[in-house]
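Have the structure open while you read them.

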Amino acid sequence: MEVGFLGLGIMGKAMSINLLRRGFKVTVWNRTLSKCDELVEHGASIGETPAAVVKKCKYTIAMLSDPSAAQSVVFDKDGVLEQISTGKGYIDMSTVDAETSLKISEAIKAKGGDFLEAPVSGSKKPAEDGQLVILAAGDKALYEEILPAFDVLGKKSFYLGEVGNGAKMKLVVNMIMGSMMNAFSEGLTLAERSGLDPGTLLDVLDLGAISNGMFKLKGPTMLKNNYSPAFPLKHQQKDMRLALALGDENAVPMPVAAAANEAFKKARSLGLGDLDFSAVHETLKALDHST
Ligand SMILES: NC(=O)C1=CN([C@@H]2O[C@H](COP(=O)(O)OP(=O)(O)OC[C@H]3O[C@@H](n4cnc5c(N)ncnc54)[C@H](OP(=O)(O)O)[C@@H]3O)[C@@H](O)[C@H]2O)C=CC1
Ligand SMILES: O=CC(=O)O
């Protein structure tokens, strides 16, 4: 199977390498074109523009940072829309809001193409291991056709119906994750400041009802102040912002998520946006606690 792949950031690079390893022919494009070179070493071809990739491939997957990037790659000069046509499918796996997804879907469909949104749950390591959870919505026939690729990228794919449902599901999940990360950071800091061993706190948490993969994975690195990015903090804050907007639309009060969003904004203002989202822990350390 031949696929195009647009966006070779932390996730896109790992995902396209997996496809290559499993025998897919992959044509890649990235805004910073030099990032394509490593993929060529793994057997990929390069497309000079998103339009060139879509022209060459029946199916094109995108994994881009945010709504603005997702739209730019479709609508701008040399973008996806210039070459999408009947018989071609576009699969956007970026985390965006439902409005962005719908706008892209309508434009693709107006040109005769098929569209699927398919954001993913799981971070750098699950992307490298082909263990993502795929939250797809849109054209059901395209979903069936692209399943062989999803089976390489993920451990489970959900088909959630109409375009927008994938985006919403992903935002709800990440809203919960961002709120949990803040509660976790506060707990680690509270343990430390009140004279407890935070390492022992991790052991206690792991044995109880709120044990979870995120605490287990991030706890030890947070205690070493290691925030090497797996999921960049700026993207987590984007997800909180988009989830809060979804809450606005549906009149759902979300005081916990709103507070978590403020903490991620604070972290961005401290210049931590490109670090892992667990670096929100540093916002607590930055507070004056001298009294
Ligand atoms: N990292 C993670 O753990 C997870 C991330 N996600 C989501 O996946 C998406 C990608 O994340 P991730 O790979 O971590 O992000 P990165 O920041 O590592 O990569 C972002 C990608 O988007 C491209 N990009 C940014 N702006 C534009 C633009 N205006 N036009 C064209 N391309 C652009 C970048 O290109 P360039 O190289 O030129 O900057 C790069 O390829 C995001 O939506 C994120 O929320 C979902 C699950 C997990
Ligand atoms: O979006 C991030 C993730 O870990 O999932």
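1. A word on elements before anything else: helices (H or I, at least four residues) and strands (E, at least two) are DSSP runs, numbered from the N terminus. With that in hand, N261 goes in helix α12, which covers residues 255–269. Accessibility comes up a lot below, so here are the classes: buried is under 20% relative accessible area, exposed is over 50%, and partly exposed is in between (1.4 Å probe, protein chains only). N261 counts as buried because its relative accessibility is 7%. Contact here means heavy atoms within 4.5 Å. Leaving out residues up to four places away in sequence, N261 touches Q237, M240, R241 and L244.

2. Now the ground rules. This is a predicted model, where local features need pLDDT of at least 70 and side-chain atom pairs count only at pLDDT 80 or more, while totals for chains, interfaces and linings use all residues. Residues are numbered from 1 along each chain as its sequence is written, chains are lettered from A and ligands numbered from 1 in the order in which they are written, and side-chain values use heavy atoms, with hydrogens and water left out.

3. On to the record. UniProt (unreviewed entry) has the annotation "active site" at K170. Its positions are given in the numbering used here, feature names are shortened, and annotations may be inferred rather than shown by experiment.

4. Where does K170 sit? Look in helix α8, residues 165–193. K170 counts as buried because its relative accessibility is 5%. Beyond its neighbours within four places in sequence, K170 is in contact with T95, P119, V120, S121 and L135.

5. K170 also turns up beside ligand 2, in a shell with S121, G122, S123, N174, M177 and F231. A residue is in such a shell if one of its heavy atoms lies within 4 Å of the molecule. The polar contacts (pairs of N or O atoms within 3.5 Å; within protein, one must be able to donate a hydrogen and the other to accept it, and residues adjacent in sequence count only if both atoms are side-chain atoms) are worth a look. A polar side-chain atom of K170 is 2.7 Å from an oxygen atom of ligand 2. The side chain of N174 has an N or O atom 2.8 Å from a ligand 2 oxygen, and a polar backbone atom of G122 is 2.8 Å from an oxygen of ligand 2. Of the 200 Å² of accessible area that ligand 2 has on its own, the protein covers 89%. Those areas come from the Shrake-Rupley method with a 1.4 Å probe; for residues, only the protein chains shown count as cover. Helix α8 gives the most to this shell, with 3 residues.

6. Ligand 1 has 27 residues around it, and the closest are N30, T32, K35, S123 and K238. A nitrogen atom of ligand 1 is 2.7 Å from a backbone N or O atom of A230. The protein covers 89% of the 900 Å² of accessible area that ligand 1 has on its own. Elements giving two or more residues to its shell are α1 (10–21), α4 (67–75) and α11 (233–249).

7. Next, H281, which is in helix α13 (residues 281–286). H281 is buried because its relative accessible area is 2%. Not counting residues up to four places away in sequence, H281 touches S185, L188, T189, M222 and Y227.

8. Last, two backbone angles to check. Most residues other than glycine have a negative phi. N225, in the loop between α10 (213–223) and α11, has a positive phi near 55°. A251, in the loop between α11 and α12, has a positive phi of about 50°. N225 is partly exposed, at 46% relative accessible area, whereas A251 counts as exposed, at 67%.
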